[in-house]
Structures are given as C-alpha cells and as structure tokens.
Amino acid sequence: MAALMTPPSLRPAASTLPPPAPVQQLHHYAYRAKDAEETRHFYEDILGLPLYHIIQSDYVPSTGEYCPYTHFFFRLQDGSFIAFFDLGNDEAALPSPNTPLWVNHISFRVNTVAELEAMKARLQADGVEVLGVTDHHIFKSIYFFDPNGVRLELTAQLADEFEMLKESRTAHARLAEWTARKQQWRKEKAAGKTSEALKPQQNDRPEVGAKPAA
C-alpha cells in the first residue's frame, strides 16, 4: 500500500515542527515466510544469523485485524534484525508483477572479500545458486535468493569513509538533474512524443553494457 501523503497546503509550517529524531540504525526489516523452520535453517544454519526473538498472536497489533502469525527475528552483528511472518498456511509472498526480480532486495555487509568468497562457497555447498562476485567499484557483492524468494546480497565494502564522503557531495546534484529530466520526460510522454523509459544522464558502469549477455 502506498503511503498517504498530506497535501502541502494542509501541512504545518516546518518552523512549528520538532527536529527529526536521529535514526540510529535499522531495527528490523520483515518479510513473509512460507515455512518458519525452512527459513530458520537458511538464516541460522547457513548464513549464521542466530534466531533471537519470536512474537506470536492471533491479532495484528497495528491494525487489530484477525490474522494468526508467528513473527521471528534473526540478529545481525550490529544488533539489527531481519524478521519474518509465518502466517500458518504454507503460502509464499508473490513477486511484484511490474518489478524485475533483481530490484527489491536487502544487502548485508561482511568485513572482507575473502569472507564474501567463503560465504559464496558455503551457500553453493548447500545447493543455493549464487551470482557474483560482482564488482561495484566501491564494494563487491554476491546475490542469491532465500527459500521465500527474497533476493539477498552480501557485500564487502572497498571504499573507505573518505571516498564515500566524496561521493556524497555530488549525490543531491545528480538526483536533482535526474528529477528535472524526468519532469521533461513526463511532458513528452503525455504529448505522445516518447514511449521509452527515461535513461540516466550518466552511465557509471559502461563496462557492464559492453559485455555480451550471459
């Protein structure tokens, strides 16, 4: 469900609002699981994330609706969690019909490329299909799916904090340029002048397009 946004004319003035609270870290990200034990085996026995907490109820606290569930959490080293809901009917979440499978994913960081390669070997030994190691210049990654169809990425960071700070100084300008081009694209699309998707103004990975398709 898309978030409902208050129209700008009805929003309170920014000067009357408290400042944003500092967001410290990810607490948890939750997905649907077809089977809790199958999911536990994957995340705890293969990936090494300990099962840490379970919540079970017949009713959803946020909405009050009746929907029995088991909600279970796996802990990462920084204290954050990836969590799942087993709704007790052996049904998996369906993929989004208009979104490629590679788009929606969650990435976890490991410390070194050697650890990344070791995790690839560990996953493959358990029959998991793994893509990569992929070089993103500022980090390297492997990609795979969990038993619920969730695309996962393990990442080893290459760029240090100073390189990332340098990158951050151009991020707003680049996004603003994209937004301006997208506004023009919308006008051209509405006028029937284009049916193509908008391409970015800059190609950061030209070597990928130069490779033949696998």
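Strands S6 and S7 of this predicted model form a hairpin with three residues between them, where a strand is a DSSP run of E of at least two residues, numbered from the N terminus. Strand S6 covers residues 131–135 and strand S7 covers residues 139–145, and the two run antiparallel, joined by three bridges; two strands are taken to pair if DSSP finds at least two bridges between them. Leucine 131 has tyrosine 143, in S7, as its bridge partner. In a regular strand the side chains alternate between the two faces of the sheet.

Histidine 137 lies in the loop between S6 and S7, and its phi is near 75°, a positive value in a residue other than glycine. Most residues other than glycine have a negative phi. Histidine 137 counts as partly exposed, at 45% relative accessibility, given that buried means under 20% relative accessible area, exposed over 50%, and partly exposed in between, with a 1.4 Å probe and protein chains only. A positive phi, of about 60°, is also computed for aspartate 90, which is not a glycine. Aspartate 90 lies in the loop between strand S4 (81–86) and strand S5 (105–110), and this residue is exposed, with a relative accessible area of 55%.

The protein contains four helices and eight strands, helices being DSSP runs of H or I of at least four residues, and from the N terminus on the elements follow the order β-α-β-β-β-β-α-β-β-β-α-α. The radius of gyration of the protein is 21 Å, whereas a compact globule of 214 residues would have one near 17 Å; the radius is taken over C-alpha atoms, and the globule rule is 2.2 Å times the number of residues to the power 0.38. The C-alpha trace spans about 50 × 50 × 40 Å along its principal axes. Of the 214 residues, 22% count as buried. Among contacts with a separation of 6 or more, 48% come from residues 24 or more positions apart, a contact meaning heavy atoms within 4.5 Å. The protein exposes about 15600 Å², of which carbon and sulfur atoms supply 56%, as computed by the Shrake-Rupley method with a 1.4 Å probe.

Residues are numbered from 1 along each chain as its sequence is written, and side-chain values use heavy atoms, with hydrogens and water left out. Since the model is predicted, local features need pLDDT of at least 70 and side-chain atom pairs count only at pLDDT 80 or more, while totals for chains, interfaces and linings use all residues.
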